[in-house]
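Visitor: Hello! I am new here, and I would like to be shown around. Could you take my questions one by one?

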Amino acid sequence: MTPFLALLTRDLRLSVREGGGAVLALGFFALVATLVPLGVGPDLNLLAKMGGGILWVGAALAALLSLDRLFQADYEDGSLDLIALSPLSLEGAAFAKIAAHWLSTGLPLTLLSPILSVFFGLSGSAVIALTMSLAIGTPAVSAVGAIGASLTLSLRRGGLILPLIVLPLLVPAVMFGAGMVLEAQTGLTNGAVGFLAAFSLAASLLSPFVAAQGVRLNLAG
Amino acid sequence: MIQSLTAEKLTVQRGSRRLVENLSFTVKAGQALSLEGANGAGKTSLLRLIAGLLPAGAGSVTLHEGDTEISEPEERGKYVGWLGHHDALKASFTVSEQLAFFSKLYGREGDEIALLGQVGLSRQAELPCRYLSAGQRRRLALARLLASRRPLWLLDEPFAALDTVGKALVARLIALHCGEGGLVIAATHESLGLSNETLRLGNAVLKL
């Protein structure tokens, strides 16, 4: 097994065993998707209009919940030093951690979203668009989140600052993600899927380099 | 195989504080250097600098391997076997899982059981790390150091938390590593148990 896969599978295992991963994010996502329709009331037209945006914001926030520990846990117990000295470059390590985070949160959130979209009375084509948009866009949430996680890894209350750094950077993902749902509902072409895919691809490819630099700075500090 | 490590005119800095200035030394293959000094003298920072984790304020650290010289920090790190202050263990992993992960991360595989036997943890192999005592955690960290098979050992307080048998084990492993042509630099308050050179770090400046 390569060092990359070793780190990826280890992070996946940790997310299952030490909690804070998939289960927490799914629970949070499900609660948001349940509470909003209860608060708004039984206006199916209004709910359907809001559904795409609310579910996207809910998914992004849910994925952020476990992001602050992405590097911090390893920093605190000394594992990050050993990872930095391993044959795997810090860029490779950051990519492995992003992939593990997406597999343990982004992917389960995507798979849960069709069920939760029932609460918003989304049409069949809108549900498909929502699921597609989350599948395309959630890697960007994990990737951009990793940048924030690398910058805040040495802060004791980093979890509070992380969303302030990351959420503004996620505006394109939420906008184009909800835009894909809107396109399916209105039938008006808006090209959101292209922009979302481009943003997600760029974020996934570039953020490991930025995150690695953030980790370097913190290890040297 | 690394022939020697030379540090030239090193300055160890934490923030704006200079912990060590103008430090030069050489460690040859088969030698162990013990770093001594009061708490806060900069032993750990110096080890992190040699490992390439902390940038040098001034000066350089160079590894000599045949005719090639390795002085770029991240490249240097790939030769380092690290036994840090923290044990780097995950509470929910068993002893053998933990060791297997690090072996794979370092591109080594296979002899985890033998390594656990070497550090006296064979019976705890299937025990989650959360049940290990401080000394047992240290022993697992030692097994990981062996698993990395790196030529340059950087040890931060290798004797901490260990019982008498454990301390003897550390001394034996260091002697063994030096015998195989490895290099050891250890920050410690105790004797490494073999004829080694000692470098004393004063509070602000170096005193040899």
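**A walk through chain A**

Guide: Welcome! This is a predicted model. Reading chain A from its N terminus, the elements run α-α-α-α-α-α-α-α-α-α.

Visitor: What radius of gyration does chain A have, and what would a compact globule have?

Guide: Along its principal axes, the C-alpha atoms of chain A fill a box of roughly 55 × 35 × 30 Å. A compact globule with 221 residues would have a radius of gyration near 17 Å, and chain A agrees with that, at 18 Å.

Visitor: What share of the residues in chain A is buried?

Guide: A residue counts as buried when 20 or more other C-beta atoms lie within 10 Å of its own. Of the 221 residues in chain A, the buried share is 52%.

Visitor: Among contacts between residues at least 6 apart in sequence, what share joins residues at least 24 apart in chain A?

Guide: Here we take the contacts in chain A whose partners are at least 6 apart in sequence. Those joining residues at least 24 apart make up 82%.

Visitor: Are helices α3(A) and α6(A) roughly parallel or antiparallel?

Guide: Helix α3 (residues 44-65) and helix α6 (residues 90-116), both of chain A, have axes that come within 10 Å and cross at roughly 150°. Angles over 145 degrees count as roughly antiparallel. So the relation of α3(A) to α6(A) is roughly antiparallel.

Visitor: Which residues of α6(A) make the contact with α3(A)?

Guide: From α3(A) come A:Leu55, A:Ala59, A:Ala62 and A:Ala63. By class, the residues of this contact are six nonpolar, three polar and no charged. On the α6(A) side, the residues are A:Thr105, A:Gly106, A:Leu109, A:Ser113 and A:Leu116.

Visitor: Which helices of chain A each supply at least two residues to the side that touches chain B?

Guide: In all, 21 residues of chain A are in contact with 22 residues of chain B. The chain A side divides into 13 nonpolar, three polar and five charged residues. The helices you ask about are α1 (3-17), α5 (79-85) and α10 (192-220).

Visitor: How far apart are the axes of α1(A) and α3(B)?

Guide: Helix α3 of chain B covers residues 95-105, and α1(A) packs with it at an angle of about 150°. The axes of the two helices are apart by 7 Å.

Visitor: Which residues of α3(B) make that contact with α1(A)?

Guide: The contact has five nonpolar, no polar and two charged residues. α1(A) brings A:Pro3, A:Ala6, A:Leu7 and A:Arg10. From α3(B) come B:Phe101, B:Lys104 and B:Leu105.

Methods:
Residues are numbered from 1 along each chain as its sequence is written. Chains are lettered from A and ligands numbered from 1 in the order in which they are written. This is a predicted model: local features need pLDDT of at least 70, side-chain atom pairs count only at pLDDT 80 or more; totals for chains, interfaces and linings use all residues. Axes are lines fitted to C-alpha atoms, for helices over the stretch in contact, and angles run from 0 to 180 degrees between N-to-C directions. Helices (H or I, at least four residues) and strands (E, at least two) are DSSP runs, numbered from the N terminus. Angles under 35 degrees count as roughly parallel, over 145 as roughly antiparallel, 65 to 115 as roughly perpendicular and the rest as oblique. Two residues are in contact if their C-beta atoms, placed from the backbone, lie within 7 Å. Ala, Val, Leu, Ile, Met, Phe, Trp, Tyr, Cys and Pro count as nonpolar, Asp, Glu, Lys and Arg as charged, and the others, Gly among them, as polar. The radius of gyration is taken over C-alpha atoms; the globule rule is 2.2 Å times the number of residues to the power 0.38. A residue is buried if 20 or more other C-beta atoms lie within 10 Å of its own, exposed if 12 or fewer, and partly exposed in between; C-beta atoms are placed from the backbone.
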